[in-house]
Amino acid sequence: MMIVLALLLALWFAHYRLRAVSRPQVDFHPSAFNRAVLGRLDQLRQAYHPTPWLYNHHLQVIWLMLSEAITPRLRYERHDVLTMRDGGTTALDWLGLDTAPETPTLVLLHTVTGDAQSMRVIANDMRKATGWRVVLCTRRGHGGLPLTAPRVNTMGCTDDLREQLQRIRDEFPASPLYAVGASAGSGLLVRYLGEEGPRSLIQAGVAYCPGYDIGVAWTRAKPFYSRAMATRLKRHFLEPHSQSFAHLGSYNSCLAATDLSEFHQNLYEMAGCASVGDYLQRSNPMGVFNSIAVPMMILNADDDPVCVVENVLDHLDAIKRIPDALLVRSARGSHCAFFEGWAARSWANRLIAGYLVAAHEQLTPSEEAANAGAQALNLPPAGGASLHNGPMPASTALG
């Protein structure tokens, strides 16, 4: 019996090592900034070891939901309720208000039905890992905020985000701003960065599990997840606000939607748009992607059942054309989970914090510091000879 158990354990371990453990794939434009930042990210030269007892993508999502439910609530230091120009209501939740005025501020943009508490793990992890001030931007219709203006958008509103960022900048004018957008929040971040270009108040960002072209992405989500998320969206946005939207012709159609694609085909009026085309033109992050002018890391998992890998592959060339953008893809990690080790800690949060700190150091550094980062990867300094006596590869599994 013990021999059989030992054999089964050995087979399981072999399967885990061969099928679950791998180094991440990194695709990037070979800019001096990217080379220097990658030189600081030892994590990308090591294999990602998903938590052995839940490395399946379904189990990662299940554990993500369970951990969100059982993790103690985070007591933010301050909760600011903001009134937008059109009368809508948003909020800011803060950590690290006692840091020095020039300390960087990290802006967090939550998931499709998220809020300050659903983002408490990443908020706490970022605060501890970076030592920076952290502020969570809650969108209208989220976190128990009253819907004081009849408009909601699952992808968020860049006009609202601009007002929130200006409020942050007004309070801490000496603080450089960085941002992380998770899932739908990544779409809002990318949309803002593309619309603003070099005027962006955000100096560098991380798009965590983005869906890319939302006109296509909603149709590709795996059926079970697509149906479950549509149900959740109706309960979150439509049912509590029927008095605001029931008079719209598309409301009942949206309420009857059975999946994500059908839901978003009928959301446009509630988002203040004249048609589906108008909604996509205003909200689709890929419509302005090529105009991004600040550094950005994009993180996806190939086994993500919501933002599937085909979305990533469609836009691989576009990512490589953005001067200071880099894409990190892991074989495992599911959707916004990326648990590692027996204790199931977030591999993604560790990487995100490392990237942001390295990016900040490169945006305020001496030339010697920038070249030191490149040397750590055995890469040439900016303007020097290329690897292998030829062009530096823009796609590699670092190691």
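Gly287 counts as exposed, at 61% relative accessibility (exposed means over 50% relative accessible area, buried under 20%, and partly exposed in between, with a 1.4 Å probe and protein chains only). This is a predicted model, in which local features need pLDDT of at least 70, side-chain atom pairs count only at pLDDT 80 or more, and totals for chains, interfaces and linings use all residues. Residues are numbered from 1 along each chain as its sequence is written, and side-chain values use heavy atoms, with hydrogens and water left out.

**The chain overall**

- The chain has 16 helices and 12 strands (DSSP runs numbered from the N terminus, helices being H or I of at least four residues and strands E of at least two).
- Of its 399 residues, 56% count as buried.
- Among contacts with a separation of 6 or more, 78% are between residues 24 or more positions apart (contact means heavy atoms within 4.5 Å).

- Strand S9 covers residues 325-330 and is mostly covered, with 6 of its 6 residues buried.
- On one side of S9 the buried residues are Ala325, Leu327 and Arg329, and on the other they are Leu326, Val328 and Ser330, so that both faces are covered.
- Strand S1 (residues 25-28) runs antiparallel to S9 and is joined to S9 by 4 bridges (two strands pair if DSSP finds at least two bridges between them).
- In this pairing, Val26 stands opposite Val328 of S9.
- Strand S8 (residues 296-301) runs parallel to S9, and 6 bridges join the two.
- Met296 stands opposite Ala325 of S9.

**Ala301, in strand S8**

- Ala301 lies in strand S8 and counts as buried, at 0% relative accessibility.
- Not counting residues up to four places away in sequence, Ala301 touches Ser330, Arg332, Gly333, Ser334 and Phe338.
- Ala337 is 36 residues from Ala301 in sequence, and their C-alpha atoms are 9.3 Å apart in space.

**Helices H5 and H6**

- The axes of helix H5 (residues 158-171) and helix H6 (residues 184-196) come within 10 Å and cross at roughly 80° (axes are lines fitted to C-alpha atoms, for helices over the stretch in contact, and angles run from 0 to 180 degrees between N-to-C directions).
- That angle makes H5 roughly perpendicular to H6 (65 to 115 degrees counts as roughly perpendicular, under 35 as roughly parallel, over 145 as roughly antiparallel, and the rest as oblique).
- H5 contributes Thr158, Leu161, Arg162 and Leu165 to the contact, and H6 contributes Leu188, Arg191, Tyr192, Glu195 and Glu196.
- The residues of this contact divide into 4 nonpolar, 1 polar and 4 charged (Ala, Val, Leu, Ile, Met, Phe, Trp, Tyr, Cys and Pro count as nonpolar, Asp, Glu, Lys and Arg as charged, and the others, Gly among them, as polar).
- The buried residues in H5 include Thr158, Asp160, Leu161, Glu163, Gln164, Leu165 and Ile168.
- The end C-alpha atoms of H5 are 20 Å apart, which agrees with the 20 Å that its 14 residues should span at 1.5 Å a residue (the expected span is 1.5 Å times one less than the number of residues).

- Helix H2 is largely enclosed by the rest of the structure, because 7 of its 9 residues are buried.
- Those buried residues are Phe33, Asn34, Arg35, Ala36, Val37, Leu38 and Gly39.
- Gln43 is in the loop between helix H2 (32-40) and helix H3 (57-70), and Gln43 is buried, with a relative accessible area of 9%.
- Leaving aside neighbours within four places in sequence, Gln43 is in contact with Trp347, Arg350 and Leu351.

- Gly287 sits in the loop between helix H12 (276-283) and S8.
- Gly287 and Tyr212 are 75 residues apart in sequence, with 9.7 Å between their C-alpha atoms.
- Tyr212 is in the loop between strand S7 (202-208) and helix H7 (214-220), and Tyr212 counts as buried, at 4% relative accessibility.
- The phi of Tyr212 is near 70°, a positive value in a residue other than glycine.
- Cys336 also has a positive phi, of about 60°, although it is not a glycine.
- Cys336 is placed in the loop between S9 and strand S10 (339-340), and Cys336 is buried, with a relative accessible area of 12%.
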